[in-house]
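Here are a few friendly notes to read alongside the model. Take them one at a time, and find each residue in the viewer as you go.

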Amino acid sequence: MAYSETLEIYKEIHALCKLLLSYSRNVNKLIRYGQYGVAIDKACAALDLVRRINSDFTDRERNMRELLLLLSEVRSRITLFAETQYISVKEATNLSYQLDKAMKTGAGWLKAERNRKRREL
């Protein structure tokens, strides 16, 4: 088992968290400490979940689905911030690109886990 920090999905979500934190300086305080903070919390929770998935093989598929759900919740908030112009188009594009990479990797990880379970049966 590899260290979580060396996994591609961990690096992608880590980069997403860094982007969210760096862009928070430009967000209105009311939003920053409200829903923007929730988006950051969910992205960090996804980062923690990668560690749990990598270390504990019980309920791994459920945890992977939860990971994808957390990332999709972050996506919906980013879309909302972009539409209401709390973040710039460039920032929204960068965040969306990073989210897409993480979600694709997570979906692939989930598919591989499902295939592994089928082979075991």
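1. Does tyrosine 36 count as buried or exposed? Please keep in mind that this is a predicted model. Tyrosine 36 has a relative accessibility of 1%, and the cut-off for buried is under 20%, so tyrosine 36 counts as buried.

2. Now look for the ring that partners this tyrosine. Searching the whole structure turns up one aromatic pair. It joins tyrosine 36 and phenylalanine 81, whose ring centres are 5.3 Å apart. Their planes meet at 40°, so the pair is described as tilted. Phenylalanine 81 is buried too, with 3% relative accessibility.

3. Next, step back to the two helices themselves. The axes of α3 and α4 are 9 Å apart, and the helices pack at an angle of about 160°. Angles over 145 degrees count as roughly antiparallel, so that is how α3 and α4 run relative to each other. Their crossing is left-handed. Among the residues making the contact are Tyr36, Ala39, Leu49 and Ile53 of α3, and Met64, Leu67, Leu71 and Phe81 of α4. Sorted by class, this contact has 15 nonpolar, two polar and six charged residues.

4. Another helix pair is worth a visit. Helix α1 (residues 8–23) and α5 cross at roughly 155°, and their axes come within 9 Å. α1 and α5 are therefore roughly antiparallel to each other, and α1 passes α5 in a left-handed crossing. On the α1 side, the residues that meet α5 include Ile13, Leu16, Leu20 and Tyr23. On the α5 side, they include Leu95, Leu99, Ala102 and Trp109. This contact divides into 11 nonpolar, four polar and three charged residues.

5. Finally, which residues does glutamate 113 touch, leaving aside its neighbours within four places in sequence? They are Arg60, Glu61 and Met64. Glutamate 113 itself lies in helix α5 (residues 89–120). With a relative accessible area of 3%, glutamate 113 is buried.

How values were computed:
Residues are numbered from 1 along each chain as its sequence is written. This is a predicted model: local features need pLDDT of at least 70, side-chain atom pairs count only at pLDDT 80 or more; totals for chains, interfaces and linings use all residues. Side-chain values use heavy atoms; hydrogens and water are left out. Rings of Phe, Tyr and Trp (its six-membered ring) pair if their centres lie within 6.5 Å; planes under 30 degrees apart count as stacked, over 60 as edge-to-face and the rest as tilted. Buried means under 20% relative accessible area, exposed over 50%, partly exposed in between (1.4 Å probe, protein chains only). Helices (H or I, at least four residues) and strands (E, at least two) are DSSP runs, numbered from the N terminus. Contact means heavy atoms within 4.5 Å. Axes are lines fitted to C-alpha atoms, for helices over the stretch in contact, and angles run from 0 to 180 degrees between N-to-C directions. Angles under 35 degrees count as roughly parallel, over 145 as roughly antiparallel, 65 to 115 as roughly perpendicular and the rest as oblique. A crossing is left-handed if the near helix is turned anticlockwise from the far one by less than a right angle, and right-handed if clockwise. Ala, Val, Leu, Ile, Met, Phe, Trp, Tyr, Cys and Pro count as nonpolar, Asp, Glu, Lys and Arg as charged, and the others, Gly among them, as polar.
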